[in-house]
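Dear colleague,

Please find below the structure that I am handing over to you. My findings follow it, grouped by topic.

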Amino acid sequence: MTAASARALTIRAAGVAALGGLLFGYDTGVISGALIFITDQFALSTLMQEIVVSVVLVGAMIGATATGYVADRFGRKRTLLAAGVVFAAGALASALAPEVWTLIASRFVVGLAIGLASVASPLYISEVAPPSIRGALVSLYQFAITIGIFAAFMVDLALAHWHAWHWMLGIGVFPAVVLIAGMLAMPESPRFLLKAGRDDEARAVLRTMAADGGWEAEERSIRAALAVREDARRSLAEGAVRRALGLGVALAVLQQLTGINTVIYYGPEIVRMSGIAGDRAALLANAAIGLVNVLATIIAIMFSDRIGRKPLLYAGVSGMCLALVTLGLALGSVTPDRAMGELAVVSLMAYVACFAFSLGPLVWVLISEIYPLRIRGFGMSVATLSNWAANFAVSLTFLSLLQHAGRTATFLIYAAICVVTLGVVRFAVPETKAQDLEAIRVG
Ligand code: BGC
């Protein structure tokens, strides 16, 4: 096996696993455009609308919690296969739902799959990736999330004329089937195989995939990491493990508390507040935001392994902070005019772009890197659960915050949280660029 073909196989495996991200993005993004038609058909109250939207996040929290155990017990590959099956079942059931409670139950099932995928995809990718391109490959997962969100906005836009919410939700079946078929042909993570004592299989995979330092060296370093201690609960007594867990939770929560999903879930509403766009223009601006989100992620894919994770985080989070301040001031200006409206829309785009090359991908990169192997599944599960819980809290409070605190204060709060994030990056985040997964230490 040549180095080039090993690399090609690794990239293919990462690409297939990243489909979990595409489904995550599609299934969270699609509801914004489908909701109006679902509301019409079933005559939903505001409360019922909120339930239809947020039940997915509840499912994702439960799915993410379960994944640590499932992925450490049954393997990363089987977890991704299970996610694909649950995605397909949930999407089909949502599309065929004859009344609202079946729809809510089906969206809960989709949420479970999102939770499974949001832990298992980055986990699998980071474990098959060689150190020199690990940042790029895990960023590929975020890239897939953004493509999923953008595709959902476009599908919603295209099918709106026919009020075809069944199709909007049902189309998610196709990438789910591709994920299942693709993963069947991919190897299990060699790190999981060694951890499970399946040495021969692990060696067979390492022989085909280890590119950078030869497979024997890689096996030795994984074994050394495993030899330290096995039990996750006992590991918690170690300061380094506790610090890694704390940092993972902090990063995952800050990724949400800096407000990204106010834009992803309520984009058209925010654009409308600028006063320069009607309904259709707001939907188009929303699609443009989706596209900016996709394109700016490429910066992280290109540069996270070259200039490192921390410089990208400094630049991106500072940019988000600045953009939130101008957005808040422009939307709250006492004499709203066209210039202020335009400043608001430009700020919104700049904010999304800065998130997309920093906090978006790099939080997933870092939480797939910072834990010792023996608790990696558990650690990612805890961090991802916190990510979904914080997402839930922000999505649920955004509209009330606007109402009670006002536009300027709302966005300034998210800006202040960016400042906190910069502090965490400065003082707690290790630079993991080009390091062996086994050599990474926190604190
Ligand atoms: C976040 C999601 C968000 C998406 C936007 C992801 O990294 O975890 O909550 O919707 O980025 O692109």
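For the lining residues described below, Ala, Val, Leu, Ile, Met, Phe, Trp, Tyr, Cys and Pro are counted as nonpolar, Asp, Glu, Lys and Arg as charged, and the others, Gly among them, as polar. Please also bear in mind that this is a predicted model.

The cavity

A search of the whole structure gives 1 cavity of 30 Å³ or more. The largest cavity holds about 190 Å³ of space. It is lined by 18 residues, of which Phe24, Ile145, Ile149, Asn261 and Phe355 are the closest to its centre. At least two lining residues come from each of helix H1 (3–29), helix H6 (134–159), helix H13 (239–257), helix H14 (260–273) and helix H19 (376–405). By class, the lining of the largest cavity consists of 9 nonpolar and 9 polar residues, with no charged ones.

The volume of the largest pocket is about 980 Å³. Its lining comprises 36 residues, and those closest to the centre are Ser32, Leu35, Tyr265, Tyr266 and Glu269. Several helices each contribute at least two residues to this lining, including helix H2 (31–42), helix H3 (46–74) and helix H15 (279–303). In the lining of the largest pocket, 19 residues are nonpolar, 10 are polar and 7 are charged.

The second largest pocket contains about 290 Å³ of space. Of the 20 residues lining the second largest pocket, Pro372, Arg374, Glu438, Ile440 and Arg441 are the closest to its centre. Helix H11 (215–227) and H13 each provide at least two residues of this lining. The lining of the second largest pocket divides into 13 nonpolar residues, 1 polar residue and 6 charged residues.

Helix H2

The buried residues of H2 are Ile31, Gly33, Ala34, Leu35, Phe37, Ile38, Thr39 and Phe42. Among the elements that cover these buried residues are H1, H3, helix H5 (100–128), H6 and helix H7 (165–170). Just after H2, Ala43 adopts a positive phi of about 45°.

Aromatic rings

There are 8 aromatic pairs in the structure. Phe411 and Tyr414 are separated by about one helical turn, because they lie 3 residues apart in helix H20 (residues 407–428). Phe411 has a relative accessibility of 1% and therefore counts as buried. Tyr414, with a relative accessible area of 5%, is buried too.

Elsewhere, ring pairs join Phe24, Tyr141, Trp364 and Trp388 into a cluster. A charge and a ring also come together at Arg73, whose charged end sits over the ring of Phe74 at 5.3 Å from the ring centre.

Individual residues

Gln142 is located in helix H6. Its relative accessible area is 5%, so Gln142 is buried. Beyond its neighbours within four places in sequence, Gln142 contacts Thr297, Phe355, Gly360, Pro361 and Trp364. Of these contacts, Phe355 is one of the residues closest to the centre of the largest cavity, and Trp364 belongs to the ring cluster. Gln142 and Leu22 are 120 residues apart in sequence, while their C-alpha atoms are 8.4 Å apart in space.

Ser381 lies in helix H19. With a relative accessibility of 5%, Ser381 counts as buried. Residues up to four places away in sequence aside, Ser381 touches Ala64, Thr65, Thr67, Gly68 and Val119.

Val420 is part of helix H20. At a relative accessible area of 48%, Val420 is partly exposed, whereas Phe411 and Tyr414 are buried. Val420 and Ser395 lie 25 residues apart in sequence and 20 Å apart in space, C-alpha to C-alpha.

With kind regards

Terms used
Residues numbered from 1 in each chain as written. Predicted model: local features only at pLDDT ≥ 70, side-chain atom pairs only at ≥ 80, totals over all residues. Heavy atoms only, no water. 1 Å grid on protein atoms, 1.4 Å probe; cavity = no way out; pocket = protein on both sides within 12 Å on 5 of 7 lines; lining within 4 Å. Points joined across faces, edges and corners; volume = space filled by probe spheres on them. Helix = DSSP H or I, 4+ residues; strand = E, 2+ residues; numbered from the N terminus. Phe/Tyr/Trp six-rings, centres within 6.5 Å; stacked < 30°, edge-to-face > 60°. Buried < 20%, exposed > 50% of the residue type's maximum accessible area, 1.4 Å probe, protein only. Lys NZ or Arg CZ within 6 Å of the ring centre and 35° of its normal. Contact = heavy atoms within 4.5 Å.
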